[in-house]
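Have a look at the picture, then read on.

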Amino acid sequence: MNDIFNLSRRGFLKTSALAGGGLVLGVYLPELSSPAEAAQQRVSTFAPNAFIRIAPDDTVTILINHSEMGQGTFTGLSMLVAEELDADWRKVRAEHAPVDSAYNHVGYGAQMVGGSTSTWTEWERLRKAGATARAMLIAAAAETWNVDGSSCRAQNGQVVHAASKRQLSYGRLAEKASTMTPPQNVALKDPKDFKLIGKPIKRLDTPEKSNGAGIFGLDVNVPGMLVAVIARPPVFGGKVKSFDGEKAKAVAGVRHVVEIDRGIAVVADGFWPAKLGREALEIAWDEGPLATLDSGMQREQYAELAKQPGAIAKKEGDVATAMSQAAKRLDAVYELPYLAHAPMEPLNCVADVREDSCEVWTGTQFQTGDREAAAQAAELKPEQVKLHTTLLGGGFGRRAIFDCHFVRETVQVSKAVKVPVKVIWTREDDIRGGYYRPRTYHSVSACLDAAGNPAAWQQRIVCQSFIVGTPFESVIVKEGVDEVAVEGASNLPYDIPNLLVDWQRAPGGVPTLWWRSVGHSHTAFVVETFLDELAHAAGQDPYEYRRALLGKHPRHKQVLEFVAEKAGWSKPLAAGRGRGIALHESFGSFVAQVAEVSVSKEGKVKVHRVVCAIDCGPVVNPAQVRAQMEGGIVFGLTAALYGEITFEKGRVKQRNFHDYPMLRMNEMPVVEAHIVPSTEKMGGVGETGVPPIAPALANAVFAVTGKRIRRLPIRAEDLRKA
Amino acid sequence: MLKLKVNRKDHVVDVSPDTPLLWVLRETIGLTGTKFGCGMALCGACTVHLNGEAVRSCVTPISRAAGKEVTTIEGLSTNLSHPLQRAWIAEDVPQCGYCQSGQIMAAAVLLRENSHPTDAEIDDAMSGNICRCGTYQRIRSAIHLAARLKAKGGAK
């Protein structure tokens, strides 16, 4: 999913005047040259985009089509526009774009955010939008002054005519500019002239996130709105057999009890009565085929599947022959659990369904799908649905769902009770609500030649697919292999002449989904810890061992060398501490990390320091690249140290932060995030800090204890001193 | 009918006495800066001050707040002038931002009681507040900065 989509330069532009003055600039982006190319590049047709609004008071509002969920799109994407617009940064505001195909992701053909793609996919489109607006503002000023446009220049929100010492602000020029003919081909700045891009610019949304003013989905209030909580089946795939809502209705404040597709909704004056009402519901469930699901039994099932060959994701050379001739052979099994995203803001949605319209407010990563789903549930056309994107209290993939269930169910409830309704998920609903990172079981073997170099590597991955059966199947599943199940393993960067990676699809049932860094969240752990085992078996330093195998991958090698230097890899550590290194490419970026840990007698792991280096190509906002590395490391540490969703009698055992814990302040290591200067292809940052941390941590634990971690989360009992 | 003072303003609310303060603030009074995260006092997103003490409003029945003074994030300052808010902006702390009201309200009590907390004291005071985006390192720096800003302000 890393290829840069080829945006043709054959764009054309359109403008329209805003009611009340001001300029709205739309940039139409082109169709690709042939249907075959379009299909290959997964680009659907482009429609008009309006990204910039300039008001008479000089405020420049950037309409952001990649939801702000903490990753910094409000700031980073605004910088792209403002740079080429030569806007006054102090006058720049960001807000979420409405839903329109004009705002579709250029790679996904739908309005959505994910895959660490927001910056690089907008790199050209948004800069062009800014440059075009600038050209039109200059043209407007030149006409006003009756001078040649080439004698005027834009700077800091003004058009200046130096010869006559005249200047006009963008706000004053906006209305006239909107009548100018947009230029066909605008020149973009030479990167050496960038004033914003590449600088550590502070986030635009910090003030509203420091005084409670920012509006998240949960904060939306609509006149006449009621609040609902929903009783959903205790077992995935279950259904309501029968229910009695009388006791729930008897709770003061409860207004309605209604059955919807996914369960029973209790609708009340507020959250508290709705929750008490749900507790008073009497429901008989048909638990369905997963009623006996048990994590221990599932483990045996996965182990059995791992004995059978799967669909081949990667094959090079002849693994079997190499194994038979090997000087040394290693075999290992790695296991990783289901994981919940657990964004701090539990899922929620507000819907107001009327006879001929439907309005939806929610923090979503998938506007196109959600609007479609709302229309279906309301029995209306998509154009009758107005969807407002609020701030997202974390996403991590959980808010981009093909079935759009959290929107669909809210629309169903509002339609049933005929008033605006906010559905709130409790933390328990969230932890037990499914759509997990899939559980995985990896069976790995490798052999070394006489010099200790890896001669063959064989990896079988067993896990569910959340792509098969969705609209993305045709582009992500190739020759029977779900790419996102094997990504990070099927493209090993190391020089290993014989390679076989295959995939066994585990049976479905438990809803699974992309979870920050997707397949890389498990493949990086397995690849980078097993490679460490090979280095140890070869009697070599794990950093030098990797480095020697990266001859064909200079970006990998450079970032590895960079982190080793910054971490002081060759320098001695304090007694009782161990150091581990890991490297991983994902979403077009290359990240290496070194973790320093100690392990107590009781087997408790303490992470002291993490040094991180990223090569993500040209950097738009280094401050946010570093923030994403810091955040990704915490996200990955939480998973490695604590994260695990398990099943007993079909039910999820965990329910809240006491049994699905998060890393806390007292466990926070010192994180040093470094950016490797690079002019290579631009990659992503939102997810790429996550994959290397679990293996770096596990390798550090090995360095200090001599014990290999082959299943996550790390368990104290595995590390306790005898 | 229950009386309470929120951000120096009197309110009379008509809700069941077991209703958590969080929902009275958010739904009855309309102050949505205080967030719902867990409902079990495990994450700190709902932290407010009750007579000056940091409490988890998601498990504080409104009956306990009756007759008392509540301060929420909206009452910390009217113009982002509180040293913690200035420090949060200077250190670029928030990512998604959802937990930050609770973080700031917890930090405000810490700073009131300890004008120059050490890292260990910050750990003690702030470990009840979860940030899923992982902004802890910046929260720590921002608390140290706020302590310096506050000391400077006090010297004037």
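Before we start on the sheet, a quick word on terms: two strands count as paired if DSSP finds at least two bridges between them. Keep in mind, too, that this is a predicted model.

**The sheet in chain B**

Chain B has an open sheet of five strands, and reading across it the order is β2-β1-β5-β3-β4, with mixed pairing. Which strands stand at the edges? They are β2 (9-13) and β4 (53-56) of chain B; each has a single partner strand, so one side of each has no neighbour in the sheet. On average, neighbouring strands here are turned by 40° against each other, if you ignore direction.

Zooming in, β1 (residues 2-6) of chain B pairs with β2(B) in the antiparallel sense, over five bridges. As for B:L2, its bridge partner in β2(B) is B:V13. A helix also packs on this sheet: α5 (residues 100-113) of chain B touches β3 (47-50) and β4 of chain B, and its direction makes about 40° with that of β3(B).

**Two domains in chain B**

Chain B is divided into domain 1 (2-76) and domain 2 (83-155). Their C-alpha centres lie 21 Å apart. Where they touch, domain 1 of chain B gives 15 residues and domain 2 of chain B gives 13 residues. On the domain 1 side, β3, β4 and α3 (73-76) of chain B are the elements that give two or more residues. The largest share of that side comes from β3(B), with three residues.

**Where chains A and B meet**

The contact between the chains takes 48 residues from chain A and 44 residues from chain B. On the chain A side, α6 (271-279) and α17 (622-641) of chain A each supply at least two residues, and α17(A) has the largest share, seven residues.

| Side | Nonpolar | Polar | Charged |
|---|---|---|---|
| Domain 1 of chain B, touching domain 2 of chain B | seven residues | six residues | two residues |

**One residue in chain A**

Is A:I431 buried or exposed? It is buried, because 24 other C-beta atoms lie within 10 Å, and 20 or more is enough to count as buried. Leaving aside neighbours within four places in sequence, A:I431 is in contact with several residues, including A:A340, A:V652 and A:Y660. A:P56, by contrast, is 375 residues from A:I431 in sequence and 47 Å from it in space, C-alpha to C-alpha.

How values were computed: Residues are numbered from 1 along each chain as its sequence is written. Chains are lettered from A and ligands numbered from 1 in the order in which they are written. This is a predicted model: local features need pLDDT of at least 70, side-chain atom pairs count only at pLDDT 80 or more; totals for chains, interfaces and linings use all residues. Helices (H or I, at least four residues) and strands (E, at least two) are DSSP runs, numbered from the N terminus. Axes are lines fitted to C-alpha atoms, for helices over the stretch in contact, and angles run from 0 to 180 degrees between N-to-C directions. Two residues are in contact if their C-beta atoms, placed from the backbone, lie within 7 Å. A residue is buried if 20 or more other C-beta atoms lie within 10 Å of its own, exposed if 12 or fewer, and partly exposed in between; C-beta atoms are placed from the backbone. Domain bounds come from an automatic or database domain assignment. Ala, Val, Leu, Ile, Met, Phe, Trp, Tyr, Cys and Pro count as nonpolar, Asp, Glu, Lys and Arg as charged, and the others, Gly among them, as polar.
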